[in-house]
Amino acid sequence: MSVFEIIGSIAFAISGSMLAIKKEMDLFGILILGIVTSVGGGAIRDIVIGNTPPAMFQNPKCTVISSITAIVVFLIWKLYNRNTIAEKIARRTDNMYHNLLFWSDTLGLAAFTILGMEATISFLHTDQCLLIAFVGLITGVGGGILRDLLAGEIPYVLQKHIYATACIFGIAGYYVLYHFIPESIAALIGFCLILVVRYLAKQFEWNLPR
Amino acid sequence: MSVFEIIGSIAFAISGSMLAIKKEMDLFGILILGIVTSVGGGAIRDIVIGNTPPAMFQNPKCTVISSITAIVVFLIWKLYNRNTIAEKIARRTDNMYHNLLFWSDTLGLAAFTILGMEATISFLHTDQCLLIAFVGLITGVGGGILRDLLAGEIPYVLQKHIYATACIFGIAGYYVLYHFIPESIAALIGFCLILVVRYLAKQFEWNLPR
Amino acid sequence: MSVFEIIGSIAFAISGSMLAIKKEMDLFGILILGIVTSVGGGAIRDIVIGNTPPAMFQNPKCTVISSITAIVVFLIWKLYNRNTIAEKIARRTDNMYHNLLFWSDTLGLAAFTILGMEATISFLHTDQCLLIAFVGLITGVGGGILRDLLAGEIPYVLQKHIYATACIFGIAGYYVLYHFIPESIAALIGFCLILVVRYLAKQFEWNLPR
């Protein structure tokens, strides 16, 4: 299990369970939404490239990690809420909530995009640019789309354009670089590109015409 | 075609067509939602385990059964509604409606969970606990999730935790028992376990913290 | 790339980007919804028949065509909106909007239904009526269902019964005819049948009981 898988699983489990809490689901709903967000992208990827049954269904690690993460998120939230006193704190919490959601979502997106590209290259032994990019994109955004659909929301990816745009920067960076430098360094650079582009887009409120 | 398939198809077709009626769809929408709920779980299962094209697309039996069921539900509802007079009856209908929805959904869930596990074991010749459990769970809840998403509702499985919990009891029971006793008896016990756990959970209103 | 693929891709990209505009998404959301609607049906079809990775992920043509279409739709809409003056025009626009949506959706539905049947026959070398019909139906309605789910709407196919009914007429026509006459002519007749049935149903407001 690679570092990216661990980062991605934890991050997406956090974002899934936080959305479930916001939707006032119970502990089990929180668990399921956390696991689905974590496992979803990889499962869609494996079905798309024909690697069935999906690897994540055979390896308990990812499921265990995301389950523990979801439970920890639930406990922290319970603890935190009990100690909350004034409205002032509530407002700060709200800000923290959005920041944590943003970063967990971004980390998961970045990690699974790179993982999707790696899996496509190694499983299909292909170098087709479009195919690799497509599967990378789907792996990255898939977990979040499932999460949002199950929670009854319009997927984030359709509302925040920088979501997918950041992905495309990372995909292009990784694809170009892995031909020239060691694969793991190319992966790291692609991963960071996604984080940086999304952070900058948020910070400077880059917008596209509507 | 096994008994479980017949029970599951009829039960899920009832739950799908009842939701379509509630959403004021016309006869065709009722038919489609009934068929999708019946066929959906098995189709997802076959795609996940790589048994393509899905068996249910090649065998008309399941489609025919669920179509007939959906039409019968529509006719009964039409007939019943015509005869309804007082509000008192309406209230009793409402109760009946929820009970029927609960039992059709529970029977479909139980039947397709077991069917999903059986198909995984026989198609992949595997004994991997996690894989079998995952595919069983997806087969059981898949039809209902498709039904709820298409009808614009947050899936039942995320709101009623006992939904998936009951499934897990049945899965564990079947998985442990089929190593020791005849497969068909293990399947029956797993099936009944899901029914019983879900009924008890509903009856005694077991709840998890929110 | 066949004529049907070009027609279907353009038509579905129009319907997807128009819905995205209505939902007030930005340029990127419009692009994504346009592409997903175009590529979605074919991708689902390939996953269902086991032709992985889906052909559309390897061939940039469809993606390029639908991207250009989505951008053109966006530009025309921007241009048109700037020139709109009176309410009278707005009302006519509204009518035009619904007509354009209806026709783009119908053309995409017809084209992809036929393409789905052709792909099933040639990829699986099968003549099984139900399988071919099922995959054709899923290919035809799949893109639109993904579009509607992602945009947070109850799928069109469940609300307008003639949607799927028209499909079934075309499927039956194509399936019967391609045994006797050249495949391309059978495809054209099936395609036209879907257009005609849907147009007539809309024109004369054929309805099913609710």
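Which residues of chain A does UniProt list for "domain: Glycine transporter"? The unreviewed entry lists residues 3-77 and 103-178 of chain A; UniProt positions are given in the numbering used here, feature names are shortened, and annotations may be inferred rather than shown by experiment.

Before selecting further, please note that this is a predicted model, in which local features need pLDDT of at least 70 and side-chain atom pairs count only at pLDDT 80 or more, while totals for chains, interfaces and linings use all residues. Residues are numbered from 1 along each chain as its sequence is written, chains are lettered from A and ligands numbered from 1 in the order in which they are written, and side-chain values use heavy atoms, with hydrogens and water left out.

**Stop 1: chain A by itself**

Select residues 3-77 of chain A: this stretch is 87% helix and 0% strand, and its end C-alpha atoms lie 26 Å apart. Helices here are DSSP runs of H or I with at least four residues, and strands are runs of E with at least two, numbered from the N terminus. Next, colour the segments that the unreviewed UniProt entry calls "transmembrane region", among them 27-44 and 184-201 of chain A. Residues 27-44 are 100% helix, with end C-alpha atoms 25 Å apart. Residues 184-201 are also 100% helix, and there the distance between the end C-alpha atoms is 26 Å.

**Stop 2: where chain A meets chain B**

Show chains A and B together. In contact (heavy atoms within 4.5 Å) are 26 residues of chain A and 24 residues of chain B. The size of an interface is often given as the accessible area lost when the parts come together. Here chain A and chain B bury about 2100 Å², 73% of it on carbon and sulfur atoms; buried area is found with a 1.4 Å probe and summed over both parts. Now select A:Asp26, A:Phe28 and A:Phe57, which supply 31% of the area that chain A buries against chain B, more than any other three residues.

How many salt bridges does the rule find across the interface of chain A and chain B? It finds zero, a salt bridge being a side-chain nitrogen of Lys or Arg within 4 Å of a carboxyl oxygen of Asp or Glu.

To see the helices on this side of chain A, select H2 (27-49), H3 (55-58), H4 (60-83) and H6 (129-150), the elements that give two or more residues to it. H2(A) gives the most, with six residues.

**Stop 3**

Chain C and chain B bury about 2100 Å² between them, and the count of salt bridges is zero.

**Stop 4: the copies together**

Note on methods:
Buried area is the accessible area (1.4 Å probe) that two parts lose on being put together, summed over both.
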